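Q: I would like to learn how to read the features of a structure. Where do we begin?

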Amino acid sequence: MARQYMTARELRELVGVSHMTINRWLKDGKLGMPQPVRIRGQRYFPVTEIQTWLEGQRG
C-alpha cells in the first residue's frame, strides 16, 4: 500500500524550499496548496493531492 501522507520535511526536500516558503504557500489562497493534517503538532500532507498540485504548478 502506498503512503498516504508525507511530512513537512519530506515536502520541503521534494521541492527544495525552506519551511518559511511552505508556510507562505499555505497562506496564499490563490495557490490552492493542499492543507496539511495536523497530528500531535506535526504537519502531514496528502501525497496524491500534493503530486496533483505540483503538476498543476509546473504548467
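A: We begin with a definition: helices and strands here are DSSP runs, a helix having at least four residues and a strand at least two, numbered from the N terminus. This is a predicted model. On that count, the protein chain has three helices and three strands.

Q: In what order do the elements of the protein chain run from the N terminus on?

A: The order is β-α-α-β-β-α. With a radius of gyration of 11 Å, against the 10 Å that the globule rule gives for 59 residues, the protein chain is as compact as a globular protein of that length. The C-alpha trace spans about 30 × 25 × 20 Å along its principal axes.

Q: What share of the 59 residues is buried?

A: Buried means under 20% relative accessible area. By that cut-off, 27% of the 59 residues are buried. The accessible surface of the protein chain is about 4,500 Å², and carbon and sulfur atoms account for 49% of it.

Q: Which residues make up the largest nonpolar core?

A: In soluble globular proteins, nonpolar side chains tend to be buried together. Here the largest such core has 11 residues: Met6, Ala8, Leu11, Ile22, Leu26, Met33, Phe45, Val47, Ile50, Trp53 and Leu54. At least two residues of this core come from each of helix 1, helix 2 and helix 3. Helix 3 gives the most, with four residues.

Q: What is Ile22 in contact with, leaving aside its neighbours within four places in sequence?

A: The contacts of Ile22 are Leu11, Arg12, Val15, Val17, Met33, Arg43 and Phe45. For the protein chain in general, take contacts between residues at least 6 apart in sequence: 40% of them join residues at least 24 apart.

Q: How should I read helix 3, and which of its residues are buried?

A: An α-helix has 3.6 residues a turn, so residues three or four places apart point the same way. Helix 3 covers residues 47-58, and its 12 residues reach 17 Å from the first C-alpha to the last, close to the expected 16 Å. Its buried residues include Val47, Ile50, Trp53 and Leu54. Viewed down the helix axis, the buried residues of helix 3 fall within an arc of 125 degrees, so they line one face.

Q: What covers that buried side of helix 3, and which exposed residues does the face turned away from it carry?

A: The cover includes strand 1 (5-7), helix 1 (8-15), helix 2 (19-27) and strand 3 (42-46). On the face turned away are the exposed residues Thr48, Thr52, Glu55 and Gly56.

Q: Where should I look for a positive phi?

A: Most residues other than glycine have a negative phi. Gly59, which follows helix 3, has a positive phi near 115 degrees. Arg40 is a residue other than glycine, yet its phi is also positive, near 50 degrees. Arg40 lies in the loop between strand 2 (37-39) and strand 3.

Q: Is Arg40 buried or exposed?

A: Arg40 is exposed, since exposed means over 50% and its relative accessible area is 84%.

Q: Is Pro46 buried or exposed?

A: Pro46, a residue of strand 3, is buried, with a relative accessible area of 9%. Leaving aside neighbours within four places in sequence, Pro46 is in contact with Gln4, Tyr5, Pro34 and Gln35. Pro46 and Met33 are 13 residues apart in sequence, and their C-alpha atoms are 11 Å apart in space.

Terms used:
Residues numbered from 1 in each chain as written. Predicted model: local features only at pLDDT ≥ 70, side-chain atom pairs only at ≥ 80, totals over all residues. Heavy atoms only, no water. Expected span 1.5 Å × (residues − 1). Buried < 20%, exposed > 50% of the residue type's maximum accessible area, 1.4 Å probe, protein only. Arc of directions from axis to C-beta. Contact = heavy atoms within 4.5 Å. Rg over C-alpha atoms; globule rule 2.2 N^0.38 Å. Areas by Shrake-Rupley, 256 points an atom, 1.4 Å probe, with all protein chains shown as cover. Core = buried A, V, L, I, M, F, W, Y, C linked by side-chain atoms within 4.5 Å.
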